Amino acid sequence: MATLFTKIIKGEIPSYKVAETEEFFAFLDINPNSKGHTLCIPKLEVDKIFDLDEATYTGLMQFSRRVALAIEKTVPCERVGMSVIGLEVPHVHVHLIPLHNMEDARFTRKVKLNPDEFSALAKSIAANFK
């Protein structure tokens with residue numbers, strides 16, 4: 001059965017896409033730790049990051065770096081942090097989180113954005129993705 005993320009990739013579930021290549025997809029987290037919190041995923045449905053083949057793993061890290069650089073150009077922050085936990089959805093995903101302090105990395109506080117804010121943010125990050 002397709003994961004939630006596979007359904008997002010296929011357009012069956014809406015998302016705020018910020019970047020896409022043949023192999024990878026990035027979209028805003030709808031329950032973000034901070035403004036700009038983005039998920040990067042392979043289109044290949046694999047549960048655990050270290051089960052990815054080496055080329056896909058390396059490609060995901062390169063893609064995530066490019067997305068992080070676009071986030072940094074868009075969202076004022078101290079730095080963009082990366083977290084890979086993978087317990088919520090059984091599909092590899094990298095969290096890219098604009099950090100202002102350590103609390104932003106702890107998944108204990110969330111920020112609220114309305115649909116217009118999500119859309120504008122996604123478009124801005126996408127414009128900076130090269």
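In the predicted model, the axes of helix H2 (residues 54-74) and helix H3 (residues 115-128) come within 8 Å of each other and cross at roughly 120°. H2 is therefore oblique to H3, since an angle over 145 degrees would be needed for a roughly antiparallel arrangement and one of 65 to 115 for a roughly perpendicular arrangement. The crossing of H2 past H3 is right-handed. On the H2 side, the contact is formed by Ala70, Ile71, Lys73 and Thr74; on the H3 side, Leu121, Ser124, Ile125 and Asn128 take part. Classified by residue type, the contact of H2 with H3 comprises 4 nonpolar, 3 polar and 1 charged residues.

The largest pocket holds about 300 Å³ of space. Its lining consists of 18 residues, of which Leu4, Phe5, Asp29, Ile30 and Leu39 are the closest to the centre of the pocket. H1 provides the largest share, with 3 residues. By class, 11 nonpolar residues line the largest pocket, together with 4 polar and 3 charged residues.

Methods. Residues numbered from 1 in each chain as written. Predicted model: local features only at pLDDT ≥ 70, side-chain atom pairs only at ≥ 80, totals over all residues. Heavy atoms only, no water. Axes fitted to C-alpha atoms, helices over the stretch in contact; angles between N-to-C directions. Helix = DSSP H or I, 4+ residues; strand = E, 2+ residues; numbered from the N terminus. Parallel < 35°, antiparallel > 145°, perpendicular 65-115°, else oblique. Left-handed = near helix turned anticlockwise from the far one by under 90°. Contact = heavy atoms within 4.5 Å. Nonpolar A, V, L, I, M, F, W, Y, C, P; charged D, E, K, R; others polar. 1 Å grid on protein atoms, 1.4 Å probe; cavity = no way out; pocket = protein on both sides within 12 Å on 5 of 7 lines; lining within 4 Å. Points joined across faces, edges and corners; volume = space filled by probe spheres on them.
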